[in-house]
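This report is meant for a reader who is meeting the structure for the first time. Please look over the sequence and the model before reading on.

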Amino acid sequence: MINIPSTLRISFRALKVNKMRSALTMLGIIIGVGAVIAMLAVGTGASKRIAEQISSMGSNLLIILPGATTSGGVRMGGGTQPTLTMADAEAIQKESLFVSDVAPILNGVAQVIYGHQNWSTGVVGTTPSMLTVRDWPVAAGRSFSDQDVKSATKVCLLGQTVVDNLFGDMSPVGQVIRIKKVPFTVIGVLSMKGQSAQGQDQDDTIYVPVTTAQKKLFGTTFPGMVRIIMVKAKSTQDLPAAEKQINDLLKQRHRIGPKQENDFTVRNLTQIMQTAEQSTKVMALLLGAIASVSLIVGGIGIMNIMLVTVTERTREIGIRMAIGAKTWDIRLQFIIEALTLSLIGGVAGIIVGISGSKILSMLAGWSTIVSPFSILIAFGFSGLVGIFFGFYPAYKASLLDPIEALRYE
Amino acid sequence: MALIEAKDITKIYRMDDIQVNALSNVSLTIDKGEFVAVMGPSGSGKSTFMNILGCLDKPTNGKYLLENIDIGDLDRDELAGIRNKKIGFVFQGYNLLPRTSAIENVELPMLYDGLPAKERRQQAMAALKSVGLDGREDHHPNQLSGGQQQRVAIARALVNDAPIILADEPTGNLDSKTSAEIMELFIKLNLESKITVILVTHENDIAAYSRRIIKFLDGRIISDEQKKKQ
């Protein structure tokens with residue numbers, strides 16, 4: 001059997017003698033591997049960003065907004081007229097089998113004061129299930145309870161940005177802040193959430209019991225009015241069913257006839273985002289597939305050069321055969337040479353691909369992620385290209401007649 | 001037992017419609033330890049005969065037994081194995097691998113025999129020493145004189161302990177002084193290590209080193225003379 005280390009040495013030596021030729025041959029593979037890695041990095045980066053936005057929004061989320069209403073033939077815009085109530089939220093929670101949590105929301109903007117500091121922020125009146133719906137745990141202190149909601153307690157949870165602006169480094173838990181001049185006790189701090197899909201700072205917020213918001217802060221045009229209802233489905237598969245059930249339920253509750261327009265809208269944000277994520281993934285694969293074409297072209301370059309090498313070294317092949325090299329000794333030697341070319345090209349291509357995607361993300365501002373998987377794929381693929389395109393020249397070499405080969409000048 | 005036994009060997013080449021009888025009914029035995037010179041003008045069939053003896057080619061008809069192994073029965077890879085173990089080749093043009101050091105050239109047959117690296121190195125060093133090239137193991141062929149290159153080739157032929165050395169005009173590219181040194185080396189190997197040496201030459205003074213001279217003409221042996229011991 002052939003000796004791998006010494007064959008490698010022989011290959012390196014042969015490649016070193018024809019430096020320019022080897023470098024140009026490798027260039028095909030370098031570009032191919034680099035392109036595959038960079039393209040996959042762009043794709044992975046894009047879908048990762050979307051995935052992050054989905055998870056920061058809360059998973060399996062349905063959002064119910066008050067819809068367009070018609071008063072006296074004049075159609076008002078979506079969300080102009082509050083139509084949703086606490087009772088709607090409770091009904092959804094009770095009736096729909098596919099729903100795990102429901103959070104009604106009444107929000108508004110309010111000036112918040114603590115000591116000498118003041119800050120304008122979004123105040124969200126909601127129920128404790130909001131934290132489950134949005135996958136948003138409390139970092140310090142505690143959340144408010146159903147009892148707090150029932151008795152409209154003046155307690156609040158602060159987002160991280162609000163804490164930074166009002167308290168600095170101080171711990172806010174137990175302190176009293178004023179929201180619209182109403183004193184509220186801070187009972188907890190929400191963990192850091194970061195930016196939303198639209199680039200909003202999600203941590204710039206205060207959570208209070210929904211009843212407190214209704215009675216003490218924003219008031220209601222009718223009892224139990226809420227602005228939005230957020231619903232978490234039990235699983236991603238349950239989302240469409242939950243959406244339909246909620247639609248039917250609210251139609252019934254709001255007494256909307258079959259020919260009437262809904263006065264609410266159910267939005268399946270998770271599904272929209274997941275569709276976007278899917279299509280970026282497909283796009284990434286497509287880009288990678290196109291890039292891999294250049295890898296195949298690089299392989300053809302290797303085959304071309306290996307055929308030249310076999311012809312140039314006919315005499316060497318004859319010597320090796322005379323001395324006792326068997327068919328596979330000769331084949332492996334040239335396959336290993338082709339493999340050396342393609343793998344060195346592969347390693348260089350990985351470096352080019354990684355730095356290329358870094359440059360892309362710097363210049364174009366795209367987030368790129370070079371996954372170890374894509375490196376493995378590109379490297380493995382370049383190895384396969386080497387073996388595949390090295391085989392024919394190696395096969396040709398192994399079939400040479402030793403007498404003819406020894407006579408070759 | 002004869003080392004080499006050729007019975008009625010015929011080799012026919014076909015080129016388009018022309019049939020060339022390179023060898024016609026050649027029979028011959030060579031015993032272990034002989035020193036044979038094969039002579040004849042070009043086209044006499046001596047090269048074809050040497051290719052068959054060297055297991056690089058198979059006869060069209062007839063039988064070639066090497067240490068009682070019928071070469072005609074072997075496939076390509078088995079022939080390579082026989083060449084590796086039984087035959088050491090020395091060529092007119094040395095046929096060393098370029099860009100490869102002397103010692104690596106000598107190690108080559110052992111590489112294909114699958115010997116471990118340490119053993120290869122040891123045996124190659126010993127072989128280089130026996131041809132008087134110790135200290136030159138890291139030189140590449142282009143850094144060595146013709147005579148030295150031929151010595152490396154002889155070391156390569158020796159290193160697998162092959163019982164036969166086939167030398168095809170080994171001194172054809174060398175001046176007379178170096179030729180004499182190379183021939184002395186063959187004689188030393190023949191006498192001390194009992195290696196059977198078969199060499200092709202068309203120079204009488206080179207053939208004079210041998211103890212048996214076989215002459216070819218038109219694909220046949222025309223004379224086979226055993227010299228008396230000097």
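## Terms and confidence

Two strands are said to pair if DSSP finds at least two bridges between them, and bridge partners are named below in that sense. The model is predicted, and the predictor gives the complex an ipTM of 0.94 and a pTM of 0.72. For chain B the pLDDT averages 92, with 98% of the residues scoring at least 70. Where pLDDT is low, the predicted coordinates should not be read in detail.

## The sheet of chain B

Chain B contains an open sheet of six strands with mixed pairing, in the order β6-β7-β8-β3-β9-β10. Its edge strands, each pairing on one side only, are β6 (87-90) and β10 of chain B, and from one strand to the next the twist averages 15°. Helix α5 (residues 146-158) of chain B packs on this sheet, where α5 touches both β6 and β7 (164-168) of chain B, and the direction of this helix makes about 170° with that of β6(B).

Within the sheet, strand β3 (residues 35-39) of chain B runs parallel to strand β9 (residues 212-217) of chain B, and four bridges join them; here M39(B) stands opposite K215(B) in β9(B). On the pairing of β9(B) with strand β10 (residues 220-226) of chain B, the sense is antiparallel and there are six bridges, with D224(B) in β10(B) as the bridge partner of I214(B). These two strands, β9(B) and β10(B), form a hairpin with two residues between them, and D218(B) in the turn has a positive phi of about 50°.

## A helix pair in chain A

In chain A, helix α11 (residues 327-363) and helix α12 (residues 372-398) pack with their axes 7 Å apart and at an angle of about 150°. Angles over 145 degrees count as roughly antiparallel, and α11(A) and α12(A) are therefore roughly antiparallel to each other. The crossing in which α11(A) passes α12(A) is right-handed, and the residues of their contact divide into 19 nonpolar, 11 polar and two charged.

## Where the chains meet

The contact between the chains draws 18 residues from chain A and 19 residues from chain B. On the side of chain B that touches chain A, α2 (76-86) and α3 (102-113) of chain B each supply at least two residues, and α2(B) gives the most, with six residues. Sorted by class, this side of chain B has eight nonpolar, five polar and six charged residues.

Conventions: Residues numbered from 1 in each chain as written. Chains lettered and ligands numbered in written order. Predicted model: local features only at pLDDT ≥ 70, side-chain atom pairs only at ≥ 80, totals over all residues. Contact = placed C-beta atoms within 7 Å. Nonpolar A, V, L, I, M, F, W, Y, C, P; charged D, E, K, R; others polar. Axes fitted to C-alpha atoms, helices over the stretch in contact; angles between N-to-C directions. Parallel < 35°, antiparallel > 145°, perpendicular 65-115°, else oblique. Left-handed = near helix turned anticlockwise from the far one by under 90°. pLDDT = per-residue confidence, 0-100.
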